Structure formats: structure tokens, C-alpha cells
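Work through the exercises below with the sequence and the model side by side. Try each task before reading its solution.

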Amino acid sequence: MAAYICTRFCVNKFKDSVRFTQRRFRVKAKWAQTRAKFPSTNIALQNFDTTYSMQLGDLWPSVRVAMLSEQKYGALINNFSSTSNIITTDLEAEGCRDFIRPHQHSKDSIPLHRDGAEQDVLKPAAHEHSISPDIKCLVFPQGDISRFKPSRPDSSGLLGYYLLDAASVLPVLALDVQPGHRVLDLCAAPGGKTLALLQTHTVSYLWANDLSGSRTARLRKTLQSYLPREYLEENEIQITSFDGCKIGPTEEKRYDKVLVDVPCTTDRHSVMVEDNNLFNRSRTKERQRLPLLQTQLLMAAIQAARPGGDIVYSTCSLSQLQNECVVQQAIHLAQEEFGISVQVQDLSWFTQWFSDTFYFAPQLSVGELVLPHLCANFGPIYMCKLRRLN
Ligand code: SAM
């Protein structure tokens, strides 16, 4: 009772002191105004410092510096433009090279091996693996941070090249689309990979889908800027805005190849750009739900692939939780819930074939990961290729 009276007395005293303090001497509750404003980019960096220093160990400080430095781009040549050959020649004259075609190591292009050691490794023979001869992506040499000029239209208004992170062409190459294939691009907008897929001239039917209506509109605009109208009209290219998680049952076994380039923490964007940043406090739940969404999208992609068909899962994050864990979880669930057996396909030859251009992470449990590197500042891009067996 004595304690209760004492507490009431203190509370009343406090109320009185607030009520009778002259307005100009009153101190406003400060915490809301003086609380340190944490930019989302800082929150992202703190988060990455904790998780990636454990995941990447000694590699993290150099990857971190690269992610905070200017990113390199590649110019995806538009085969549909009448000036594509001239543009390629001009870019080569500026020192660019097509990173997809095998070439001799020059002295300013040192193989970037997984362990950082500079060694001369024989590239796998071209005939051992199939790479579309039609996709061309030009990059400036290692260490050269020149920027590409904006692409110009040809006489029909088609742009000559599309600028993108050159490593994001790798998931398309991994898909290995062959003539007559039916292809599903489940999360397609704004359309860099869709455009790369169409450069192969092999797709017989393409469904490019993205949940976001505004991003799908961007995708449509991109395709219109790079592909002749007749091509878009004559070929079966469908563009939609559906929830990709829901297409599994309706599209069961319909596609030879499925690309599932999922929404992720977009690590480079998250540490550099405040706008639309997933590390904004208001988006914490959305961020935490990402691995679940990614697993649902990958499950839908597995269902949509025909037996013997391939699925490529990709992200632009370093996160094990969004990469290997999602793939392993989806393989497990596909078997448990649908009786679908899925086999991981080997992409380790990429790490030799493209070692002049990209710096690959040390061996992962499943898939391959391009790490940002100051001499080759592409990525992060994770990719894993799966084959549906039954
Ligand atoms: N593949 C695109 C490219 O190369 O330009 C980039 C795709 S981006 C990494 C991920 C996309 O997934 C976003 O455009 C987002 O709108 C879309 N997305 C998010 N949730 C989705 C869902 N449930 N179904 C389909 N797309 C979704």
C-alpha cells in the first residue's frame, strides 16, 4: 500500500511539473526527432557485414569494396538491329571484347580463379558444352572502367545494344535454349534476360511473365525498342502479369526451359541506392519473406518444366539463404509434395570458360556465384541449373 501511494505521488508530481512548466522551458519528447536516421543503405551494409563475413570469410572485405564501387556493364548486342555488325566493330575498336566467345588470354586479362590464384588453366573444349552462337555481350577489359555510350537507334528505330550486368547473361547461357524450345521466363521484367533469350533466334514460344503491372509495361517497351514489330507479331511471344507462384498446376510439364530470376535483396542496389530499398524499415517483413517466395516461385518453375526439361534459378544476391538454401529446399519439397525428382546440373565449367571475365565464388554446395571484384566488377549473380527427371 505504501509503495502504491508513493508511486501515485510521484506520478502526480511529474504531471504537475509538466503542466506548470512554462511552455518555452518545456523540453519536447526528443526521441522521435533526434533518433539517428539510419539510411536503408547503412542497414543493408550492417546486415551484410554480419552475414557475409561469416559466409565468405576472408573474401568479404574485397567483395564489400567492389560492391561499394562503380559497377561494370556489358553491351548485349541486338542482332535484330541492322547496324549490329558496325556497332560490334566500333566497340571492339574501343577495346571491348565479346566475353562469350573463347579467346586467348592476353596479358591484360588474367584468369580470375576461385581461390584468387593466377594460374593457367585449359579452357574446356568448345564442343563439350553448347553455347548459343548468337548471344554477343561486349565488355571492357579487366580493370578498365570506361562506360558505354547510350545505345543509338538504327534507321528502323531499333536500338543497337542493351546495357546490363554482363554476369546476368550467364543464367540465360546456362538455360541453353535449342531450336523449337518452348520457354517460360517466370519473373521477366524489366526484360534484360528475355532480350538475351530472344537473341538466340531459337525460341519457338516464349511466355514472359512478371507480377508487377508497371514492370511488365517496361518489359513490353523494352522488347518494342529492340525487336521488329513483325517479329513480335509473327512469333509466339506472350507477355503477362500473373503471380508466378500460382502457375505450377495450370502449366504442368509444358515447357522445355524455365528461367526463374526471382526477386531478391538485390545486394548491390541495397548498399548503394536509397530509393526502393528493401532494407527500409517498413519493408522488413517483405524482406524476411523472400526465401519463402523464392521457394514457391522455384517450385512453380519445376512443375512447369516437362520431364527432361531444365530450370535455371537465379538471383543477384550473395545470400546463402536466398541461393543454395532455396534450391535445396525446393528440390526436397518437389520430391515430397509432388513426387518430382530434380537433379542439379553441373555448371562448374562456367568458372573456367568465363574465368577471364568473372570472379567466381569458391565451390558452393549447389550452383555458381559471380562475386564482385575490383578488376571485374560484375555481379553478384547466383545461378543453379536443375533438370526435372520425371
Ligand atoms: N529477369 C529480369 C531481368 O533480367 O530483367 C529481372 C527480374 S527481377 C530480379 C525479379 C522480378 O520478379 C521483379 O520484376 C518482380 O516484379 C517479379 N516478381 C515478384 N514477385 C513475383 C511473383 N510472385 N510472380 C512473378 N514475378 C514476381
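**Exercise 1.** Find which atom of glycine 192 lies 3.1 Å from an oxygen atom of the ligand.

*Solution.* Start at glycine 192: a backbone N or O atom lies 3.1 Å from a ligand oxygen. Go on to arginine 215, where a polar side-chain atom is 2.6 Å from an oxygen atom of the ligand. Then take aspartate 261: a polar side-chain atom sits 2.7 Å from a ligand nitrogen. Taken alone, the ligand exposes 600 Å², and the protein buries 88% of that (Shrake-Rupley areas, 1.4 Å probe).

The model is predicted: local features need pLDDT of at least 70, side-chain atom pairs count only at pLDDT 80 or more, and totals for chains, interfaces and linings use all residues. Numbering runs from 1 along each chain as its sequence is written, and side-chain values use heavy atoms, without hydrogens or water.

**Exercise 2.** Sort the residues of the shell around the ligand into nonpolar, polar and charged.

*Solution.* The ligand has 22 residues around it (a heavy atom within 4 Å). They divide into 12 nonpolar, five polar and five charged; Gly counts as polar. Asp210, Arg215, Asp243, Gly244 and Asp261 come nearest. Helices α7 (192–199) and α12 (290–304) each supply at least two shell residues (DSSP runs of H or I, at least four residues).

**Exercise 3.** Is glutamine 322 buried or exposed?

*Solution.* Locate glutamine 322 in the loop between β9 (305–315) and α13 (324–338) (strands: E runs of at least two). Glutamine 322 counts as buried because its relative accessibility is 6% (buried: under 20%; exposed: over 50%). Its side chain makes a polar contact with that of glutamine 294, at 3.1 Å (N or O atoms within 3.5 Å, one able to donate a hydrogen, the other to accept it).

Note on methods
Buried < 20%, exposed > 50% of the residue type's maximum accessible area, 1.4 Å probe, protein only.
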